[in-house]
There are 2 protein chains.
Amino acid sequence: MRNMIVASTSTLYGGGYLEYLTPFLSKRLKAASIKELLFIPFARPGGISHDDYTSKVRAVFQTMHVNVKGIHEFEDPIKAIQDAQGIFTGGGNTFQLIKMLHDLQLVEPLRKVIYQGVFYLGTSAGSNICGLNIRTTNDMPVVQPSSFKATGALAYNINPHYQDPIEGDQHMGETREQRINEFHIYNHIPVIGLREGSFIDVQGTTEILKGTLKARLFQAGKAPMEIEPETDFATLNLNH
Amino acid sequence: MRNMIVASTSTLYGGGYLEYLTPFLSKRLKAASIKELLFIPFARPGGISHDDYTSKVRAVFQTMHVNVKGIHEFEDPIKAIQDAQGIFTGGGNTFQLIKMLHDLQLVEPLRKVIYQGVFYLGTSAGSNICGLNIRTTNDMPVVQPSSFKATGALAYNINPHYQDPIEGDQHMGETREQRINEFHIYNHIPVIGLREGSFIDVQGTTEILKGTLKARLFQAGKAPMEIEPETDFATLNLNH
């Protein structure tokens, strides 16, 4: 009975924090009667402190009449997850995020409450941890986590902020597509490249692509596919 | 008595493999009387096999009258490193490269021969492993190595393929500079952003920036600095 929003980014170019998601998000929060959200600030974008990141998020959710508490404010973070009405994991650095989650032994409790139906919102790094592991993050490995294993709330990996190759680019570093192809040399997990503005609406067994953009689906040994909005990823018979 | 060339990239846009480096490189190989080079193909760019990668490299070094053997052709890779006249580690995926080096316990032997003066050429991933750890790679973490620790042949980290922010870019993923700033939230190691076409010429205690482009130096708690070609990084009194 999952109830999730798995978003490529928190913010669109020129828009406010979570602005493009707010209409959809506020409906879902209301439908689930959520008055309080547990925020996981561990990804610390730009090195922002847990307190400052939580304050930024609190201000946005106040407009939706939802109270926000940072997980770092609790003495027992496992209990905080078990007791949460809803959970939001914000973006930033995925390595720092998964390091903290493993160090505090929060990956399994998180997975458990998600499958029990506790509402979960992830943006960027917070969406990476919905997949089977963090091996398709774009982030720099600024810290070494004990494990790359993620929650497995989805049976595939996300590549957030998915970027198409830039035509005429003279830079010799790998394109995003080349990087995901390298992932498939060593892994058989499908990868969904979510462009900025796209998100996956997970309700029970359905996993619907939302937003106006297509997503790009990568499977080991297959040509990449463009996926139309409103497609249910759960019906695609993915090649695991 | 180090004797190294640490390059941002193997290939410039529109150029052949190692082409821009060849004039400088062939002089250094001749000066050190190197007739045979040990190639480390573990980074496998695009998933190329060890044999195919080694063949590609062999063809280029033949024009410099240097024979190339792949480390995977040896029964004892540690001995292969200890016996090598010179070593080249090619680019590709840094996580796969460092995983193989740790799995085969080659990091310490590699460090040892480099400090003993065995010639070392690194490009891209092969340059990442010259730093203290691989935490400033741009690569996707497609496999999980046992450790991010690298050789420490240099007392700072390299960020190869360094890219300046693209003006007017509407993508919301982090710029390279933002990523390296995040690195400095958790680490105090200086980072040298090497633009494509730049390399560091290491001879004994000197570490000279070569090529026509400036490099960008990042230190924890300091503003980034542009470094002119022909600067000796070893004289910069870096903030460790």
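**Salt bridges, helix packing and symmetry in the predicted model**

At 17% relative accessibility, B:Arg216 counts as buried, where buried means under 20% relative accessible area, exposed over 50% and partly exposed in between, computed with a 1.4 Å probe on protein chains only. B:Glu226 has a relative accessible area of 33% and is partly exposed. The structure is a predicted model, in which local features need pLDDT of at least 70 and side-chain atom pairs count only at pLDDT 80 or more, while totals for chains, interfaces and linings use all residues. Residues are numbered from 1 along each chain as its sequence is written, chains are lettered from A and ligands numbered from 1 in the order in which they are written, and side-chain values use heavy atoms, with hydrogens and water left out.

B:Arg216 and B:Glu226 form a salt bridge, their closest N and O atoms lying 2.7 Å apart; the term denotes a side-chain nitrogen of Lys or Arg within 4 Å of a carboxyl oxygen of Asp or Glu. B:Arg216 belongs to strand 10 (residues 215-218) of chain B and B:Glu226 to strand 11 (residues 225-227) of chain B, so the pair ties together parts 10 residues apart in sequence. In chain A, salt bridges with shared partners join A:Asp164, A:Glu177, A:Arg195, A:Arg216 and A:Glu226 into one network. Helices (H or I, at least four residues) and strands (E, at least two) are DSSP runs, numbered from the N terminus.

Over all chains, a search of the whole structure finds 28 salt bridges. One of them pairs B:Glu207 with B:Arg2, with 2.9 Å between the closest N and O atoms. This pair links distant parts of the chain, 205 residues apart: B:Glu207 is in strand 9 (residues 206-210) of chain B, and B:Arg2 is in the segment before strand 1 (3-7) of chain B. Both B:Glu207 and B:Arg2 are buried.

A salt bridge between B:Asp103 and B:Lys99 also has its closest N and O atoms 2.9 Å apart. Both residues lie in helix 4 (residues 94-103) of chain B, 4 residues or about one turn of the helix apart. B:Asp103 counts as partly exposed at 43% relative accessibility, as does B:Lys99 at 25%.

In helix 7 (residues 176-186) of chain A, the buried residues include A:Glu177, A:Ile180 and A:Phe183. The buried residues of this helix pack against strand 6 (157-159), strand 7 (191-193) and strand 10 (215-218) of chain A.

Chain A is superposed on chain B by a rotation of 180° with 0.0 Å of shift along its axis (RMSD 0.0 Å), by least squares on the C-alpha atoms of residues with pLDDT of at least 70 in both copies. That is the relation of a two-fold axis.

Notes: Contact means heavy atoms within 4.5 Å.
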